[in-house]
Every structure is written in C-alpha cells, then in structure tokens.
Amino acid sequence: MIENGWLERVPIAMEEVKICSFSKEQFEKLVITNPRIAIKIINYLSDKLNDSFQQAGDSIGTSIRDKLLRLIVRLADDHGTKTPSEKIIELNITQQDIADMIGASRVMVEQTLKELQKIGIIGKRGRYHTLRTDSCMNDNFS
C-alpha cells in the first residue's frame, strides 16, 4: 500500500496470487459508480480489523506455545484440508514465517513445534503441518 509516495507495508504472498492495480482516481470512480462494491469493501475491511483485534488480544500475556497453537488452529481453519483425523495446512510456511507471525524467535518456534508434535497435537505430512481434529482437540483449542 502506498500513501504519500512511500511504501507503508510489504505484503508477502504465502500462496499463488494474482495482483491487480489501479490508481486512486480509478478506485474512487469504481466505488462511486458501484455502491455495492463499497459495501463489500467496508465489510471486508471490518472483518480484517476484527481479526486483527482478536489476534492482538490473543497474543497479550500468552505463552509462545499458546500463540503458536492459536496460529496453527487459525491456519488450519483458513487453509486446511480436512481428513478423518487431522487438518492438513496446505501452505508452504517456514519456521521463520511462523516466528514472524507470533513475535517469537525461530528457535523458540522450532522447540515448541517439537513439543507439540511429541504430544500429538500437531504433525507433519510431507512439507505441510497438520493439526489433529478429534473432539478433545476441538473442545480445548478452538
């Protein structure tokens, strides 16, 4: 996103995407001539803001383990393919990516992932992380 000529954020795609661009003037014209699009944009941004508030609230005063579990559950819900016993998170995501998402070091993420794998909450299937989906997990971590 560019504001006043400066790049404010650097988005990183975690899966294949198509990028479309248009000028501020083109965007304003689109919104003025199509009010339904404006409503959809407002709803989308509202949902994203709610998600951001939820994530911020989830991370305050919580352990790396809890932050990691919440992230894994969210990624499984958003990007997971369900099997009878687990959700396969079909994202090419590194330990560093995860660390950046939860505000932890890669080493802490690696140790916590190993701990969660050892007790059977998460696993690996090829290059993808998995989340166990039995009723006990659903009751305690959703």
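1. In what sense do strand 3 and strand 4 pair, and over how many bridges? Looking at this predicted model, the answer is antiparallel, over three bridges, with strand 4 spanning residues 86-89. The link from strand 3 to strand 4 is a hairpin of three residues.

2. Four strands make an open sheet in the order 3-4-6-5, and the pairing is antiparallel. Strand 3 (80-82) and strand 5 (122-125) are the edge strands; each has a single partner, so one side of each has no neighbour in the sheet. From one strand to the next, the twist averages 30°.

3. Next, the pairing of strand 4 with strand 6. These two run antiparallel and are joined by four bridges. Ile89 has His129 of strand 6 opposite it, while Glu86 faces Arg132 of strand 6.

4. Strand 4 is worth a look for burial. In general, side chains in a regular strand alternate between the two faces of the sheet. Here both faces of strand 4 are covered: Glu86 and Ile88 are buried on one side, Lys87 and Ile89 on the other. Note that a Glu and a Lys are on that buried list.

5. Strand 6 is mostly covered too, with four of its five residues buried. Part of the setting here is helix 5 (residues 106-118), which packs on the sheet and touches both strand 5 and strand 6 (128-132). The direction of helix 5 makes about 95° with that of strand 5.

6. On to the pairing of strand 5 with strand 6: antiparallel again, over four bridges. Gly123 has Thr130 as its bridge partner in strand 6. The hairpin of these two strands has two residues between them, and Gly126 takes a positive phi near 65° there.

Key:
Residues are numbered from 1 along each chain as its sequence is written. This is a predicted model: local features need pLDDT of at least 70, side-chain atom pairs count only at pLDDT 80 or more; totals for chains, interfaces and linings use all residues. Side-chain values use heavy atoms; hydrogens and water are left out. Two strands pair if DSSP finds at least two bridges between them. Axes are lines fitted to C-alpha atoms, for helices over the stretch in contact, and angles run from 0 to 180 degrees between N-to-C directions. Contact means heavy atoms within 4.5 Å. Buried means under 20% relative accessible area, exposed over 50%, partly exposed in between (1.4 Å probe, protein chains only).
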